[in-house]
Amino acid sequence: MKRIAPLSVERVEIMAALGRVLAEPIVSRTTIPPWANSSMDGYAVRAEDTGRESVELAVVGRIIAGAMPSRALRAGESMRIFTGAPLPEGADAVVPQEDVAADGQRVTVRGRIAPGAYVRPAGEDVRAGDVVVTPGGTIGAAEVGLLATLGYSQVQVYRRPRVAILSTGNELADLGTQPGPAQIPNTNTYSLMAQVIEAGGEPVNLGVAPDQLEAIIERVRWGLSAADVLVSSAGVSVGELDLVREALARSGAELHLWQVSMRPGKPITFGTREGRPIFGLPGNPVSAMVTFELFVRPALRKMEGAEVIDRPRVRARALEPIPNPGSRRGYLRVTLTADAQGYGARLTGDQGSAILRSMVLADGLAVVAPDTTIAAGEVVDVIVLRALEPRSR
Ligand code: AMP
Ligand code: MG
């Protein structure tokens with residue numbers, strides 16, 4: 001990850017900033033709210049005028065939201081006031097209208113009113129000079145609202161990485177073409193482009209290259225000229241037709257990593273050319289998606305300037321045994337259910353790396369050590385892939 005650096009920044013309209021990573025601190029130039037105001041419809045009073053006995057106060061004004069009080073409040077006085085309207089000078093509390101008897105001229109207040117009652121003090125939300133949002137965080141709806149409140153019409157965010165997606169394989173028939181007798185549909189181009197978008201990047205579709213060195217090199221060059229990152233799938237194993245590594249090397253890439261002891265996955269290549277990251281992912285659709293999750297997504301998040309680049313993890317109880325036979329670390333697809341004791345995890349079914357339905361059903365990836373079975377009731381670490389919502393299956 002030390003080879004990956006944040007991209008440059010740009011200034012965008014705040015609505016276009018939704019989902020982007022903030023690149024500048026948001027400092028308030030103003031105090032919000034600018035003056036103490038009422039949180040109820042009622043009567044502005046001086047708390048010291050009230051006491052154990054009922055008091056009658058003269059109603060000497062009317063303050064609606066959007067207007068300033070005509071004058072200060074003096075002893076023995078009150079003013080009709082509405083939610084959001086500024087408190088008159090001298091007043092320090094509001095009595096809700098449902099708690100008083102009033103005839104227009106006078107208002108009767110029963111009991112002692114505490115200073116500050118139903119008053120929103122000046123600056124209760126933001127004070128001038130406060131840093132209200134720090135760089136590195138993702139801008140959500142609340143941040144957009146706060147930016148508008150503070151008068152920002154534009155804001156500086158990190159550029160989205162452009163990510164070129166290349167599928168390789170003679171057997172692939174792309175969407176819209178009729179598969180030949182020995183062909184299969186191209187899945188990875190689409191799942192990977194979607195993962196790029198979900199990770200905050202912009203995909204560039206390089207299409208499908210056949211298993212021919214020159215053809216792959218040509219697409220790799222195209223990708224590296226058109227994008228910040230290149231992601232290929234398939235052709236990265238040890239077969240005769242696994243030409244991606246050679247094509248990358250011949251395109252001037254420096255290769256730093258090949259093969260990680262994980263399941264699904266294993267053959268995965270990481271390289272760079274002129275600082276641009278290149279990922280050669282395995283071809284099986286689940287392997288491609290899982291290795292994207294573990295290697296490509298954090299890299300994209302880092303390029304986007306995000307402070308937190310990893311998915312959240314939860315500890316979950318296995319609701320049934322979760323076996324991971326073999327010598328590789330397992331990333332097993334599980335559903336997560338929340339109950340009174342926390343989260344429960346259950347395998348999504350067959351875990352074959354070509355069974356894309358295991359990903360469709362998955363809420364997360366259970367991380368299991370080699371040659372280990374998590375027994376029912378034992379706890380396992382799960383990487384959470386999506387917001388947990390009630391799902392019908
Ligand atoms: P490979 O690493 O090239 O041997 O590919 C591994 C497996 O993934 C093979 O069964 C391929 O047919 C399959 N595969 C490769 N690329 C794709 C793709 N884009 N969509 C669906 N399956 C693929
Ligand atoms: Mg292949």
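## How cavities are found

On a 1 Å grid over the protein atoms alone, a cavity is a set of points where a 1.4 Å probe fits but cannot get out; lining residues have an atom within 4 Å of a point. Grid points are joined across faces, edges and corners, and a volume is the space filled by probe spheres set on the points.

This is a predicted model, where local features need pLDDT of at least 70, side-chain atom pairs count only at pLDDT 80 or more, and totals for chains, interfaces and linings use all residues. Residues are numbered from 1 along each chain as its sequence is written, ligands are numbered from 1 in the order in which they are written, and hydrogens and water are left out.

## Two cavities

The count is 2 cavities of 30 Å³ or more.

Gln195, Glu198, Ala199, Phe292, Glu293, Arg297 and Arg311 line it. Helices are DSSP runs of H or I, at least four residues, numbered from the N terminus. The largest share, 3 residues, comes from α5.

## Around ligand 1

Ligand 1 has 15 residues around it, and among the nearest are Glu171, Asn186 and Gly235. Here, near means a heavy atom within 4 Å.

Backbone atoms reach oxygen atoms of ligand 1 in polar contacts (pairs of N or O atoms within 3.5 Å). The distance is 2.9 Å for Gly235, 3.2 Å for Gly283 and 3.1 Å for Asn284.

Terms used. Polar contact = N/O pair within 3.5 Å; in protein donor to acceptor, adjacent residues only side chain to side chain. 1 Å grid on protein atoms, 1.4 Å probe; cavity = no way out; pocket = protein on both sides within 12 Å on 5 of 7 lines; lining within 4 Å. Helix = DSSP H or I, 4+ residues; strand = E, 2+ residues; numbered from the N terminus.
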